[in-house]
Amino acid sequence: MASTSPALSVSKLDFPFLSSQRNITFGKENLHQVKMPRRMSKFSGFESNGFILFSSLSGQIGEGSFPSPEATANNNAPEVQVQSRIWNWRGYSIRYQHAGNRGPALVLIHGFGANSDHWRKNIPVLAKSHRVYSIDLIGYGYSDKPNPRQFGESSFYTFETWGTQLNDFCIDVVKDEAFFICNSIGGLVGLQAAVMEPQLCKGIMLLNISLRMLHIKKQPWYGRPLIRSFQNLLRNTNVGKYFFKTVATPESVRNILCQCYHDTSQVTEELVQKILLPGLEPGAVDVFLEFICYSGGPLPEELLPQVKCPVLIGWGEKDPWEPIELGRAYGKFDSVEDFVVLPNVGHCPQDEAPELVNPLVESFVARHAALSASISTAT
């Protein structure tokens, strides 16, 4: 399904580290539209705390409620505590966050240049009924950042490495099978992990998965030598370090986030610092340059046919980096049960519109956790 595409500029690379009313559309063949205001408690035509999600699978797929302000104020239940921990993986220190002690396990996987803090608006909510883990992929966040040059000619920062890390995390830390909730390149990581160890993954939600438009297979033959030359320039000269230096500033990070967030009011100083500070850690520049020069590896359209678990795709329709017109093609794969359009949302829906993403995650997980339970009971 890959097609020849013109080379994109560096500013269009898929990572947040560079640079009202919502309509939600569900389904592949029979599309249903639901007007959903930014604050769900004002959902017209229903009780103030109601929400309903629709799917091409069977029409209505989930129904539930958001707590009203009064209920929230009177709720004496203790707040969910999010803990930051370190996991030793093959001699490397890996930072992850954890909350919740009951329900299905969820592992949240960030995109390029981001880290587990990009899920800070999701973890406490989802942890009320799930065991939630958010991991810093090796090379990002506050996980170790080994120099890629120490591995010689072998590439270290690949989807195979991160897929292996994710599966080992499920075995060593989660100690259970899990649902993978992924954003951007984290979607490739989740898919790769599910292909490598299918028994560990119960389902995958892909939020604006990277189309990998700079992949070598998606470039015209005459542009490939130029791309390789540019990658060598970045990786092997001071040009790359200078480029990183211009990007790793509060102003640049803010500008880049404002490109990929449709609602720029969500680009707060807190968010800028959450993205920027880990990027100033020793070794971050080498990881950054290594990945933007990584134009090989798998494509989503190569992994989706191999996945055995259910997949749900959510797409912020205002994503300037990953056009929804191209993303819709992924909804045609047999493994994808639904393609959900998130109108007026950009590249990072989990952070820009958590009030839409969190119930979508809960519905997807509840549906398949219940299905697994019924199958187990029947057998």
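This is a predicted model: local features need pLDDT of at least 70, side-chain atom pairs count only at pLDDT 80 or more; totals for chains, interfaces and linings use all residues.
Which residue caps the N-terminal end of α6?

**View 1. The N-terminal cap of α6 is Thr-237.** A side-chain oxygen of Thr-237 lies 3.2 Å from the backbone nitrogen of Val-239.

**View 2. Helix α6 (residues 238–247) has buried residues and exposed ones.** Gly-240, Phe-244 and Val-247 are buried. Seen down the helix axis, the buried residues fall within an arc of 60 degrees, so they line one face of α6. Asn-238, Tyr-242 and Lys-245 are exposed on the other side. The cover over the buried residues includes α5 (224–236), α7 (250–260) and α9 (284–292).

**View 3. Trp-87 and Phe-169 pair edge-to-face.** Their ring centres are 5.3 Å apart; the planes meet at 70 degrees, over the 60 that counts as edge-to-face. Trp-87 sits in strand β5 (residues 83–89) and Phe-169 in helix α3 (residues 159–174), 82 residues apart. Both residues are buried.

**View 4. Trp-162 and Phe-291 form a tilted pair.** Here the ring centres are 5.6 Å apart and the planes stand at 50 degrees. Trp-162 belongs to α3 and Phe-291 to α9, so the pair ties together parts 129 residues apart in sequence. Trp-162 is buried at 0% relative accessibility. Phe-291 is buried too, at 8%. Both belong to one aromatic cluster, which also includes Phe-243, Phe-244 and Phe-288.

**View 5. The largest nonpolar core has 76 residues.** Those with the most contacts inside it include Trp-162, Phe-169 and Ile-204. Beyond its sequence neighbours within four places, Ile-204 contacts residues including Phe-180, Leu-191, Val-307 and Phe-364. Another core, of 23 residues, lies apart from the largest one; among its members are Met-205, Leu-312, Val-340 and Val-357.

Key: Residues are numbered from 1 along each chain as its sequence is written. Side-chain values use heavy atoms; hydrogens and water are left out. Buried means under 20% relative accessible area, exposed over 50%, partly exposed in between (1.4 Å probe, protein chains only). Helices (H or I, at least four residues) and strands (E, at least two) are DSSP runs, numbered from the N terminus. The arc is that of the directions from the helix axis to the C-beta atoms. Contact means heavy atoms within 4.5 Å. A polar contact is a pair of N or O atoms within 3.5 Å; within protein, one must be able to donate a hydrogen and the other to accept it, and residues adjacent in sequence count only if both atoms are side-chain atoms. A nonpolar core is a set of buried Ala, Val, Leu, Ile, Met, Phe, Trp, Tyr and Cys residues joined through side-chain atoms within 4.5 Å. Rings of Phe, Tyr and Trp (its six-membered ring) pair if their centres lie within 6.5 Å; planes under 30 degrees apart count as stacked, over 60 as edge-to-face and the rest as tilted.
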